[in-house]
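Here is a short briefing on one protein model. Keep the coordinates open while reading.

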Amino acid sequence: MDLGFTSYKGIASIVGDIINLRVSDVAAMSTPPRNRDLAIIEQNGEFFSLAQIIKLSDDLVSLQAFSGTKGLSNNASVRFLGETMQAIYSENIFGRIFNGSGVPIDNGPGLTQEPKVAINGPTVNPTARVLASRMIRTNVPMIDVFNCLVESQKIPIFSVAGEPFNKFLGRIGVQADADVVIFAGLGLIFDDYYGFKKMFEDAGVMSRTVMYVNLASDPVVERLMVPDLALAVAEKLAVEEGKRVLVLMTDMTAYADAMKEIGIAMEHIPSNRGYMGDLYSQLARRYEKACDFRGAGSVTILSVTTMPGNDVTHPVPDNTGYITEGQFYLHNGVIDPFGSLSRLKQHVIGKQTRDDHSQIMNTMIRYYSEGVEAEQKQAMAFDLSEFDHKLLKFSQLFKQQFMRLDISMELEAALDACWVLLAECFDKEEVVIKQALKDKYWAGTDGKVSA
């Protein structure tokens with residue numbers, strides 16, 4: 001029996017974007033439908049929507065309709081294709097924009113004849129993975145100096161609605177020294193989608209960028225496909241072409257909400273706050289695609305996870321924190337140095353960077369922390385010492401010169417700026433850093449680092 005040309009009728013129910021189809025002769029099929037296989041829904045002899053099998057139970061086949069089910073009748077027919085979703089993979093995908101079905105939406109040339117890669121293929125052999133040892137420079141001081149982004153790292157930006165996290169993520173995509181940037185937009189409003197597109201075009205980086213976009217007005221089902229499309233292509237580029245790939249995803253909370261919506265339609269038993277019980281494993285399955293491959297390239301994942309109500313114990317950020325290797329906290333328009341952490345930075349600091357990196361990083365954060373305490377003492381009308389006043393000046397200048405999101409500096413220039421700020425606020429003898437480093441890098445009266 002040829003699944004590709006046999007149409008089946010018998011839609012038992014339509015719940016949201018879920019279609020439940022009864023197929024009486026499943027056992028008799030030479031190639032029975034499999035979970036995650038694709039199907040075509042036709043109505044009145046015309047194409048209606050692409051769909052994916054998400055559940056098999058005896059003679060009942062449940063499918064997600066990519067274009068939604070509005071206007072679909074129970075008399076519609078279904079044709080099983082016998083293959084899973086595939087992403088277009090060739091040199092012609094660079095500079096292109098695809099939707100959640102992997103179809104180009106930028107009015108460019110058609111790519112139907114291009115090679116494809118299955119998005120649900122086997123995971124790379126764990127023995128091919130190597131320990132992270134290379135840095136991805138972003139020219140963002142709060143990342144490069146204080147919490148390095150390391151190749152093969154998976155790390156989220158925790159934020160709340162209203163913060164400029166999308167603008168910040170786009171800027172990292174423009175400035176990062178990766179070979180390829182793959183962008184995955186999940187439930188974006190049109191303004192955000194256009195902002196990313198314009199940012200990449202204006203910076204002249206579209207030639208190394210691939211975009212997969214699901215808008216808020218697009219079907220929820222396609223939202224679940226976007227990360228898999230992006231990561232399948234990223235893995236292929238890293239393994240077969242040796243590319244250093246940076247995958248940017250926003251917003252993973254919208255992705256989890258889409259899983260919740262589909263789960264409820266499937267009448268799955270919800271867990272914490274209505275999310276499905278497999279939330280952790282579903283997130284981990286995507287994040288664990290981050291990898292540094294022996295003798296090849298790497299996949300690095302930087303995502304945005306919004307925290308409803310600024311609640312870090314919300315199921316999505318809470319589960320994400322157990323999977324990823326640190327996080328960046330975006331609060332009040334700045335990267336919070338206290339809540340942010342990169343657990344892999346020790347693999348590159350002092351090895352791929354200058355010998356003063358570790359000492360200057362720790363010293364700057366320590367003095368900024370003490371400066372915040374001095375601000376609190378001042379607010380409560382406590383008497384401040386002369387050193388407290390120096391700390392106040394330091395913390396204010398630190399915010400202005402390093403914490404603003406629009407600041408762009410190469411790592412070496414940022415390290416030099418740290419030494420200049422220390423020399424501006426403190427005497428050389430007051431700064432607790434190895435004497436050899438102070439002798440080598442301390443800024444002179446001309447405001448320049450001596451080294």
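The C-alpha centres of domain 2 and domain 3 are 33 Å apart. This is a predicted model. The division into domains runs as follows: domain 1 covers 7–84, domain 2 covers 87–345 and domain 3 covers 356–442.

**Interface of domain 2 and domain 3: extent**
- On the domain 2 side, 21 residues make contact, and they meet 21 residues of domain 3.
- The two domains bury about 1700 Å² between them.
- Carbon and sulfur atoms account for 71% of that buried area.
- Within domain 2, the residues that lose the most area to domain 3 are V145, F146 and F338.
- Together V145, F146 and F338 make up 32% of what the domain 2 side buries.

**Interface of domain 2 and domain 3: polar links and make-up**
- One salt bridge is counted between domain 2 and domain 3.
- Six residue pairs are in polar contact between these domains, with both residues at pLDDT 80 or more.
- Three elements of domain 2 each supply at least two residues to the side that touches domain 3: α1 (141–144), α2 (165–175) and β20 (334–335).
- By class, that side of domain 2 has 14 nonpolar residues, three polar and four charged.

**Salt bridges**
- The structure holds 26 salt bridges.
- R137 and E412 form a salt bridge, and their closest N and O atoms are 2.9 Å apart.

**Aromatic pairs**
- The structure holds 20 aromatic pairs.
- One of them is F158 with Y329, an edge-to-face pair.
- The ring centres of F158 and Y329 are 5.5 Å apart, with 75° between the planes.
- Which strands does this pair link? F158 sits in β13 (residues 154–159), and Y329 sits in β19 (residues 326–331).
- F158 and Y329 are 171 residues apart, and the pair links distant parts of the chain.

**Backbone details**
- Is the peptide bond from T250 to D251 cis or trans? The bond is cis, with omega near 5°.
- D251 lies in the loop between β16 (244–250) and α6 (252–265).
- N44 has a positive phi of about 55°, although N44 is not a glycine.
- The loop that holds N44 runs between β4 (37–43) and β5 (46–57).

Notes: Residues numbered from 1 in each chain as written. Predicted model: local features only at pLDDT ≥ 70, side-chain atom pairs only at ≥ 80, totals over all residues. Heavy atoms only, no water. Domains from an automatic or database assignment. Contact = heavy atoms within 4.5 Å. Buried area = accessible area lost by both parts, 1.4 Å probe. Salt bridge = Lys/Arg side-chain N within 4 Å of Asp/Glu carboxyl O. Polar contact = N/O pair within 3.5 Å; in protein donor to acceptor, adjacent residues only side chain to side chain. Helix = DSSP H or I, 4+ residues; strand = E, 2+ residues; numbered from the N terminus. Nonpolar A, V, L, I, M, F, W, Y, C, P; charged D, E, K, R; others polar. Phe/Tyr/Trp six-rings, centres within 6.5 Å; stacked < 30°, edge-to-face > 60°.
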